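Please look over the structure below. Then read on for a short walk through it.

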Amino acid sequence: MLRIRNLEAGYGKLRVLKNISMHVDAGEIVAIIGANGAGKTTLLSTIAGLIRATSGEIRFLSEDITRLPAPKIPARGCVMVPEGRQVFAPMTVADNLILGGHALPREQKKELDRLLAHQYELFPILEKRKTQLAGTLSGGEQQMLAMGRALMSRPSLVMMDEPSTGLAPLIVRDIFQIIVRLRNEGNTVLLVEQNAKAALAIADRGYVMETGKVIIQGPAEDLLANSDVQRAYLGREKLEE
Ligand code: ATP
């Protein structure tokens, strides 16, 4: 579904992504883990067209999207749930969701009601709060709204940037269970997380990034068992809980 080859990108003279190659197959959850500043958000932003690659290639569903401007990418079926949710605070929950459907092709717009009902089934709390302003939701509810908004365009690939940030452990568990359900319903998820243990526990495969490079990759269970990954990103004692 997504194939990245030798990707380089950054900010002005600052080179952040260095020769990144990776792929995501249909139906997978792929986790990207790494410390603060490793370049995870920069990678998602480059795939989303918000940052221009300086070299390399991004292919999505066989199309070269490396130079495609950001507004064109969601309609191709690649959406991002941004870090910090970024819901439209002065709008209602329902209007935030409906806005997420703007990337649907015109012939599918008549399905908006059905898609809205599907999000309410996936996130029952959003139905309860549908007339409430998004800015008044809790952090966990805002994360669900940001996910529901992204799913309204029936994407082939959902990229999630740090969905667990700032959430209580029980809420994180709910969010991760929903990500598993999305995968089980046939969605494909590229998940960026600092919470490496939780991300690898639900992922099929993972990539570890350090200073703009992929340093380790493999099946999630191999990464969980890898002593370097345990030492640097999981904390051995936590694994033994
Ligand atoms: P975090 O988990 O803290 O978000 P990250 O792995 O997502 O970390 P990035 O946010 O991609 O890392 O940052 C990678 C590098 O790029 C850092 O050195 C950061 O300071 C730099 N950077 C990020 N955004 C910008 C920007 N808008 N302008 C200049 N440099 C930036």
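The paragraphs below turn to confidence and then to one strand.

This is a predicted model. How far does the predictor trust the protein chain? Its average pLDDT is 91, and 97% of the residues score at least 70. Confidence is not even along the chain. Strand β4, residues 55-60, has the highest confidence, at a mean of 97. Helix α11, residues 236-239, has the lowest, at a mean of 47. Over residues 237-241 the pLDDT is below 50. Beyond near neighbours in sequence, that stretch has 6 contacts in the model.

Now find strand β8, which spans residues 188-193. Is strand β8 largely enclosed or open, and why? Buried here means under 20% relative accessible area. By that cut-off, 6 of the 6 residues of β8 are buried, so the strand is largely enclosed by the rest of the structure. Check each face in turn. On one side sit Thr 188, Leu 190 and Val 192, all buried.

Which strands pair with β8? One is β3, residues 29-34. β3 and β8 pair in the parallel sense over 5 bridges. Within this pairing, Ile 32 has Val 192 of β8 as its bridge partner. Another is β7, residues 157-161. β7 and β8 also pair in the parallel sense, over 5 bridges. Here Leu 157 stands opposite Thr 188 in β8.

Finally, follow the chain around β8. Strand β7, helix α7 (residues 169-184) and β8 make a β-α-β unit. That unit is right-handed.

Terms used. Residues are numbered from 1 along each chain as its sequence is written. This is a predicted model: local features need pLDDT of at least 70, side-chain atom pairs count only at pLDDT 80 or more; totals for chains, interfaces and linings use all residues. Side-chain values use heavy atoms; hydrogens and water are left out. pLDDT is the predictor's confidence in each residue, from 0 to 100. Helices (H or I, at least four residues) and strands (E, at least two) are DSSP runs, numbered from the N terminus. Contact means heavy atoms within 4.5 Å. Buried means under 20% relative accessible area, exposed over 50%, partly exposed in between (1.4 Å probe, protein chains only). Two strands pair if DSSP finds at least two bridges between them. A crossover is right-handed if, with the strands pointing away from the viewer, the path from the first strand over the helix to the second runs clockwise.
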